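Subject: Model handover, aromatic contacts

Hello,

Please find the structure below.

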Amino acid sequence: MALLKEPMAIMKIFPQIRSKAHCPILFLLGLLFIPTNNSYAQSINAPTDIADVQLWLDAGDPNGNGTTPPDGSTIDIWRDKSGLNNNATVLNGQGPASFRSLPALQINGRPVMEFASNNPTSGDIYNIANLDIRPNANPDISVFVVYRQRDISNTDNALWGIDNLNWDRFFYLRHSDFGDTVNDGIAGLGPGDRGAVIAGSAVANRTHLLSIVYDGEVSGGVNSGPNNASLVRFGSNIVTTFTDTTDPSDQQPSLNIGWDGDDGAGDFYLAEFIVYNRLLTTCETSQIVDYLSIKYGASFSRTITQQPATLAICSPDDAVFTVETTGNGLTYQWQEDVGNGIFSDIIDGGVYSGSGTDALTIVNPPVAYTGRNYRVLVTRPSGCISTSNIAGLTVGPTDMLVSTNTLQTFCDIDNGTIADLTIVGTDIKWYASDADGTPLPTSDVLATATYYATQTINGCESFPRLPVQVNIFETVTPPLPIDIPNLRQCDNLFIDGNDTNGSETFDLTQNETILLNGKSASDYSFGYFTEATYTDRIPTPNAFVNTVVGRQTIYVRISNNLDPVCHTDVTFDVEVMELPVVRSPIVFKNCDEDGVPDGFTDYNLNEANDLITNNNGNFTITYHSSFSDADTNNGTAISPVPYNNAMGNTVFARIENANGCHRVATINLEVSTTSFPIGYTQELADCDDDTIDGYRTFDLTQASNQFIAQFPTGQNLSVHYYRNLSDAQLEQNEIIDQTNYSNEVPFSQTLYIRVENDTGDCFGIGGHLILTVYPKPVFEVAPTAVYCIDGSPITLRTFNPEGTYTYEWTDENGTVIGNDPTVNITSAGVYTVIATSSFGCDSFPSIFNVVASGVAEINDTDISIKDFSENNTITIHTENNRLGPGDYEFALDSFFGPYQDEPFFNNVIAGTHTLYVRDKNGCGVSELEINVLGFPKFFTPNNDGYNDTWQAKGVNDNVSPSSSIRIFDRYGKLLVSLDPKGIGWNGTYNNARLPASDYWFVGRFIDQNGKVRIFKGHFSLIR
């Protein structure tokens, strides 16, 4: 096999076989990735360019006419393109392969035929009826196959063959008896050598090129080809050389695709299948391999392993085309396309060098070289030439940017970025220096500096870089609007003699230091405007008279002195604030009710506030003794409460609004000459209501008309109520809710009245209203009582009354049953008594709940007894008041108790007991005799008077004389039969004393109703 790696070795093996070009024969299997098919003397465009092709199946053209069926179509006849019409037809009883053109299934963009198996002898199988490749028909055969294994793990997976159970000519992608049974296949070599393992031939989803050359020689019915003249090549490697011994005639007479001829139905994608009926020369084999490699984008060529790549360079860079090859003694010739697909050899010189090497260099090609195409011819020592694909050249220009805008200015407030720089060009990039560095992000914020620009055309960046100077001018960052004060003044008379027209003079420059916000005043200029378009400039901002009444917005522009375009605009307001609207002068009257009729009294000056402000409570008001003090707010304000007119009959009020603007009002104080009649009072009286506490709610307005009636009519008077004289005089702490006033002193309270007109002048004042609350009757009762059924009447009583009252008793139906302090009743129920005082005040109702009770009515049916047990119990049934209406308690065997609420007794000893049922309400005690049946556990017949006999306990008269108790010894012998009502057994049998031991009994008890109860047990006789 080592000899076959060199062409000369093959010549030694086959000296008699020569091509017309004297090229040695080379049998080649390979796979080559070459993207472009090219024309050259040694290149072929189709397998038919080489003579003696017998079969050419192309999956991309299954109909043989260039038409493409839909993806997934089944192909019944796969047309042969060799010109011999050796079409592949579906083998009888098998299925057709499918045409697949989905991109995911294609090989280098070319469709494939999809073969699938059903079982080892069934699937998609074709037969080429007219192609006999048996040695006696065609001893020399060259087969080329491009395929890809499907990702299916069937065990024996054959692609083609003419096998007939004798190791004939065939190819398995995978075989279960050889190599790696998942990834390895075999090629049939003949009965002697059987098969050659082809490693990796079944690796899924890879494109493979396999060729098998059979060099047969049939003589006397036996095939025995030249020694090791046949070979199998897979990819770039010769798998084996062998001597063809396949049977010359006992094989299938026609070629099969999809199995080996008798089994091994396969699963694979087939792209191309080519058969020649002779041995190809080395050059012809290379041509086929190059043709298939280029067509299917595979790379299994012996010569070119890496194709030249198309280049895109930037002037003045050099263009270097390279090719990678394998093999010794190779020569190279680079060529240029001179037009119409004609290539001409390149000779070193000018811009070209290395035209005879594996690397062609074009020195600094001009832009005009764009669009030129190149390829290289690689010649092996045998003279066989491999042609590379075509590689194109693109040369991009690197013209320098030209711009006149090399000085650009920005304001810092604009936050300009690289993207804001202005320049004309293609694919602009900016740098921080004129040489090194990476491009600046377009989002970078600009600073005062020099920036450098380039443009890129067709991937080529210009040089040198264009410098652009950027200057950033500062602007003022103003304070927040909330921090810029408005200029405000109160309207006054001093400017124009009118304090209500809303016009004043302002110095707008007062805010300049604040607006600069720390910047230097020498670097900026201010402009003041009356509108937002900044066109109407104010000529004298330090003496500006507002042109809008009330509030007016001033627009301020702060400009950088070096570049006025960089400016900041802010606003603030000027405002002329209104003065309070007041009444002045006014007369304020008060009553002289302080006990000294001297014309002097205390005033609450705050009561004049509503008069002077027309009831506007949004002002701050202070009182002063002079107009000057009030106007300037100098000196000490006088206290408005209390103010005695002995200090002066005229006071001055300073009325100031929320803006600090004020006016002064004059208040003249006068003393009223009217009053209530001496000793005049009214009383509002009522009974105490919800609780006996002396407090009640009154409607004071019920007395108002009478108070007003004490004064002449036509005065438009109103009545005001106060708790004391001082409050009434000073008009403070007035009782506002006159219709819903609760007295604050229990039982009796005096209120003070102030009568005044609608201007606040006092007409009368004093304590003229008495509020009286009469108490409710109070007495005691016992709220509950018991009436025993079938008993005597009972008396309900009131006691400890706190006055002389009348009474009314009613039953639960509201019927009056008595009018005395007591009443007799004869039935249970709910009874009510109400007492009435001499003032007509009713007491709260007192309710008597009289409950019915009585002695219990109990008999044997009201109890349940559990006896003859370890825990005897007695249960009294009380549900549904079956014992009576009373509340009962229970005791056992003692009239005096103790009594218990629970109607249940446990651990009751056997015998006769008395049950006592007592009414808790005192209506009486009932009793019932109870028998609890039981038997003693032992007895001691020693005549000491205690336990001398054994007998059942709790037996009563209800037990029938037919009842009996039989006693047995431990052996079951009947000793005695007792009457349950008798004296019992004394421990003898036939007058003989029986020994101490355990004895057994059976008790049979029959009541008067015939009910039978059986008891069994044992007891001890103790001596």
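The notes cover ring pairs first, then charges over rings.

This is a predicted model, in which local features need pLDDT of at least 70 and side-chain atom pairs count only at pLDDT 80 or more, while totals for chains, interfaces and linings use all residues. Numbering starts from 1 along each chain as its sequence is written, and side-chain values use heavy atoms, with hydrogens and water left out.

There are 45 aromatic pairs in the structure. Rings of Phe, Tyr and Trp (for Trp the six-membered ring) pair if their centres lie within 6.5 Å; planes under 30 degrees apart are stacked, over 60 edge-to-face, and the rest tilted.

One of these pairs is Phe321 with Tyr374, tilted, with 5.2 Å between centres and 40 degrees between planes. Phe321 is in strand β24 (residues 319-322) and Tyr374 in strand β30 (residues 373-379), so the pair ties together parts 53 residues apart in sequence. Strands here are DSSP runs of E, at least two residues, numbered from the N terminus. Both Phe321 and Tyr374 are buried, that is, under 20% relative accessible area with a 1.4 Å probe, protein chains only.

Trp809 and Phe848 also form a tilted pair, at 5.3 Å and 40 degrees. This pair links strand β60 (residues 806-810), which holds Trp809, to strand β64 (residues 846-853), which holds Phe848, 39 residues apart. Both Trp809 and Phe848 are buried.

Ring pairs also join residues into a cluster, among them Phe868, Trp950, Tyr999 and Phe1019.

As for charges, the charged end of Lys81 sits over the ring of Trp56, 4.5 Å from its centre. Arg557 lies over the face of Tyr534, 4.2 Å from the ring centre. The criterion is NZ of Lys or CZ of Arg within 6 Å of the ring centre and within 35 degrees of the ring normal.

Regards

Conventions:
Helix = DSSP H or I, 4+ residues; strand = E, 2+ residues; numbered from the N terminus. Buried < 20%, exposed > 50% of the residue type's maximum accessible area, 1.4 Å probe, protein only.
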